[in-house]
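Dear colleague,

Please find below the structure that I am handing over to you, followed by an account of what was found in it. I would be grateful if you could read the two side by side.

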Amino acid sequence: MRPWTALYARGPGPDLSVQHPDALALFRAAVARAPTQAAIHYFDATLDYAELDSLSDALALALIEGGVGRGDRVALYLQNVPQFVIGLVASWKAGAIAVSINPMNRERELGLLLGDCKPTAILAHESAYHDVLAKVLPEHPVQTVITTSELDFQTRGDPRLFASSAHHRPVTTLDLLDCIDRYRGEKKPPEVAYAPDDVAMLVYTSGTTGLPKGAMNTHANVAFTAQVYRDWMALPEHAGVLGIAPLFHITGLIGHIALSFLVAGPLTLAYRFEPGVMLDAIAEHRPKFTIGAITALIALMNHPSATASSLQSIDTIYSGGAPVAPAVVEQFEKKFGLYIRNAYGLTETTSPSTVTPRDKRGPVDPDFGALSVGVPTFNTEIRIVDVETAQPVKPGESGEIVIRGPQVVAGYWNKPKETSEAIRDGWLHTGDIGVLDAEGWLYLVDRKKDMINAAGYKVWPREVEDVLYTHPAVREAAVVGVPDEYRGESVKAVVSLKPGASATADEIVEFCKARMAAYKYPRVVEFLPELPKTVTGKILRRELRASKGG
Ligand code: AMP
């Protein structure tokens, strides 16, 4: 009998022919057919494809001169700035694997990543160099450190975002624009060819252990999912894309950058998400498409300057990465006349694995009220399996979502054990709990047991607990997600103190704040004399989540 997989009846596929063999080819094809077409809008600046080609050629030569060779890693520790895109293309032109790093990461997190992927070069904001990177480099040396400023490539300096930005060039690093000037127009980097299975990028995701794992997204993965976006979202040639999601995240890498290359269209970037700035950027650059976390879309909707025509240029909008409440979709449509479609994927599926087709509205499950996350995209199989036995469950029953298809990553960098646990016979075990209906619509019932989803940012309790345990007064710590009106979920810590020790909630919050990205530190701290545990000594996070305290 055919295993229980979803039907393929609803999308534009199946289309088995992926047009481009690798991610660099996507970019090269855009340069070849549309050299004078805008590639990036960044405030008052526009770079066209020919310029992006020449800038990335020059940076590739600088990277090669800086020691980068085939298969070496180049880390991009950057916000949504043109330099991210230039750095990504330059890494591929230099034969390297790009590593995207969350620019909010602090010393401890950055150290873990650099220690794991050991990059030969890193591109970072000057401010991040001074605040964070310089403190990490003594322990995790990187041969070539290139810094840049978010003030480059634009002259507007919008005070809503750049009030505290200033040029502050470190003496010991190379400046990105200097590197480019030095090599620009000189010559082309040597030709480089990629096989489909070559790794294009490492995108870090926190595993259940809390330690980051570098998902190895191959060139074939990237070429495939870029095409899924274009074809399922029916994006025409030269369509503009709005960069709402962070570029370091898989949504930004594929649904913004790779997609723009594939349609040879302009990508609008605005440094960091600020709803008022984003609304102005939409009015100025008139993008046609975007995908982002639902909280960003809610922020646009609730901004005082938002009007019914604010999103007029956008004809297709998707949300992914976090649960989408049907009520929000309704409110958004009422306000802007735009229906938000839901898509579901993971870093390990190189962005989408299910998408609500362009000409359909996602159904809402009558039993538990969840909006469907779509149907499997072309060439993608989804099964629902028993969490314990990994055997397919009966149609309509819930279980763990497992996915097989051309978007599933090759594994985790340097982590064969975690790879073989997550990917079995080509099936990615997502840890998400879901249901498929008879027509192939997927619904997420629950998510990986303990993950906290704060405005689309994934927080693993264990990682925060590890930091809490380094506080001298903390005896036991457990971290749980609690409902939060704006962020969906927020981080709460429950701690017990060592006998005779004292600490206030504010002190604990400050302690964590200094040691982790802003979205991770606990917003609420509750003290208990003793944390509830199982007989084997495991702290019962679920009980704490249910408790009213804090
Ligand atoms: P990441 O690897 O950061 O993209 O996180 C992937 C996780 O985000 C998935 O395993 C889900 O738990 C969650 N997720 C992704 N898309 C959706 C969605 N449309 N609705 C609810 N949760 C989602």
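Leu 26, Phe 27, Ala 30 and Arg 33 in helix α1 meet Ala 258, Phe 261, Leu 262 and Val 263 in helix α9, where contact means heavy atoms within 4.5 Å. By class, this contact of α1 with α9 has seven nonpolar residues, no polar and one charged. Here Ala, Val, Leu, Ile, Met, Phe, Trp, Tyr, Cys and Pro count as nonpolar, Asp, Glu, Lys and Arg as charged, and the others, Gly among them, as polar.

The model is a predicted one, in which local features need pLDDT of at least 70 and side-chain atom pairs count only at pLDDT 80 or more, while totals for chains, interfaces and linings use all residues. Residues are numbered from 1 along each chain as its sequence is written, and side-chain values use heavy atoms, with hydrogens and water left out. Helices (H or I, at least four residues) and strands (E, at least two) are DSSP runs, numbered from the N terminus.

Helix pairs

Helix α1 covers residues 23–33 and helix α9 residues 250–263; the two pack at an angle of about 40 degrees, with their axes 7 Å apart. Axes are lines fitted to C-alpha atoms, for helices over the stretch in contact, and angles run from 0 to 180 degrees between N-to-C directions. The angle makes α1 oblique to α9; angles under 35 degrees count as roughly parallel, over 145 as roughly antiparallel, 65 to 115 as roughly perpendicular and the rest as oblique. The crossing of α1 and α9 is left-handed. That term applies if the near helix is turned anticlockwise from the far one by less than a right angle, and right-handed applies if clockwise.

Helix α2 and helix α3 (residues 82–93) pack at about 60 degrees, with their axes 8 Å apart. That makes α2 oblique to α3. In this case the crossing is right-handed. Among the α2 residues in the contact are Leu 52, Leu 55, Leu 59 and Leu 63, and the α3 residues that they and others meet include Val 85, Ile 86, Val 89 and Ala 90. The residues of this contact divide into nine nonpolar, three polar and three charged.

The nine-stranded sheet

Nine strands form an open sheet with mixed pairing, in the order β2-β1-β11-β10-β12-β13-β14-β15-β16. Two strands pair if DSSP finds at least two bridges between them. The edge strands are β2 (45–48) and β16 (375–376), each of which pairs on one side only. Strand β1 (residues 38–42) pairs with β2 in the antiparallel sense over four bridges, and His 41 has Thr 46 in β2 as its bridge partner.

Helix α2 (residues 49–65) lies across β1 and β2, running at about 80 degrees to β2. Helix α8 (residues 219–232) lies across β12, β13, β15 and β16, and runs at about 40 degrees to β15.

His 219 has its place in helix α8. It is buried, with a relative accessible area of 0%; buried means under 20% relative accessible area, exposed over 50%, and partly exposed in between (1.4 Å probe, protein chains only). Leaving aside neighbours within four places in sequence, the contacts of His 219 include Pro 21, Asp 22, Trp 92, Tyr 194 and Asp 198.

Strands β5 and β6

Strand β5 (residues 121–125) and β6 pair in the parallel sense over five bridges, and Leu 123 stands opposite Ile 146 in β6. Strand β6 (residues 144–148) is mostly covered, with five of its five residues buried. Thr 144, Ile 146 and Thr 148 point one way from β6, whereas Val 145 and Thr 147 point the other way.

The three-stranded sheet

A further open sheet has the order β24-β25-β26, with mixed pairing. β24 (474–484) and β26 (524–527) stand at its edges with a single partner strand each, so one side of each is left without a neighbour in the sheet. Neighbouring strands of this sheet are turned by 25 degrees against each other on average, direction ignored. β24 and strand β25 (residues 488–497) pair in the antiparallel sense over 10 bridges, and Gly 481 has Val 491 in β25 as its bridge partner.

Helix α14 packs on this sheet, touching β24 and β25, and its direction makes about 140 degrees with that of β24. Six of the eight residues of α14 (residues 461–468) are buried, so this helix is largely enclosed by the rest of the structure; among them are Pro 461, Glu 463 and Leu 468. Helix α15 (residues 505–513) lies across β24 and β26, running at about 130 degrees to β26.

With kind regards
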